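Hi everyone, thanks for making the time this morning. I have one structure to show you, so let me put it up on the screen.

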Amino acid sequence: QVQLVESGGGLVQAGGSLRLSCAASGLTFSRCNMGWFRQAPGMEREFVAAIGWSGGRTSYPDSVKGRFTISRDNAKNTVYLQMNSLKPDDTAVYYCAADRSPTVPTTTRTGSYDYWGQGTQVTVSS
């Protein structure tokens with residue numbers, strides 16, 4: 001069985017920081033591209049960050065570039081999302097995802113990911 005478990009969400013004031021973690025099990029983590037997505041009520045799931053299997057390639061949308069950083073520790077089977085300078089518009093449920101058979105270093109497409117976590121709530125107050 002494959003399991004992705006997110007943690008680190010919570011309530012933070014605008015301008016603050018949070019670090020999300022995603023612990024993976026049941027797959028060969030070091031061969032998977034990993035991604036973070038978020039979803040607010042009534043909205044489509046939105047790409048946040050992606051990182052290649054080796055950690056050498058990352059991708060971000062303009063909405064978070066310069067504020068968020070994705071990283072991974074293959075020895076711990078864990079991917080992280082460091083979020084700085086948080087804004088109320090960052091409020092959403094954040095999901096970790098794994099692509100076990102990547103054909104490109106990173107991808108922004110939800111359909112490219114095979115496994116998803118349950119999500120962790122991030123709320124940013126003004």
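I'll go through the cysteines, then the strands around them, and then the salt bridges.

A quick word on the ground rules before we start. This is a predicted model, so local features need pLDDT of at least 70 and side-chain atom pairs count only at pLDDT 80 or more, while totals for chains, interfaces and linings use all residues. Residues are numbered from 1 along each chain as its sequence is written, and side-chain values use heavy atoms, with hydrogens and water left out.

Let's begin with the cysteines. How many disulfides does a search of the whole structure find? There is 1, taking a disulfide as a pair of cysteine sulfur atoms within 2.5 Å. The partners are Cys22 and Cys96, with an S to S distance of 2.1 Å. The link between Cys22 and Cys96 is left-handed, at -80 degrees about the S-S bond. Cys22 sits in strand 3 (residues 18–25) and Cys96 in strand 9 (residues 92–99), so the bond ties together parts that are 74 residues apart in sequence. When I say strand, I mean a DSSP run of E with at least two residues, numbered from the N terminus.

Are these two cysteines buried or exposed? Both Cys22 and Cys96 are buried. For the cut-offs, buried is under 20% relative accessible area, exposed is over 50%, and partly exposed is in between, with a 1.4 Å probe and protein chains only.

Finally, the charged pairs. The count comes to 4 salt bridges, where a salt bridge means a side-chain nitrogen of Lys or Arg within 4 Å of a carboxyl oxygen of Asp or Glu. Among them is Arg38 with Glu46, whose closest N and O atoms are 2.9 Å apart. Arg38 is buried at 6% relative accessible area, while Glu46 is partly exposed at 33%.

Another is Lys65 with Asp62, at 3.6 Å between the closest N and O atoms. Asp62 is exposed, at 67%.

Then we have Arg67 with Asp90, at 2.8 Å. That pair links distant parts of the chain, 23 residues apart: Arg67 is in the loop between strand 6 (58–59) and strand 7 (68–73), and Asp90 is in the loop between strand 8 (78–83) and strand 9. Arg67 is buried at 11%, and Asp90 is buried at 2%.

Which residues are linked in a network of salt bridges? Arg38, Glu46, Arg67 and Asp90 are.

That's my tour, and I'm happy to go back to any part of it.

Key
Helices (H or I, at least four residues) and strands (E, at least two) are DSSP runs, numbered from the N terminus.
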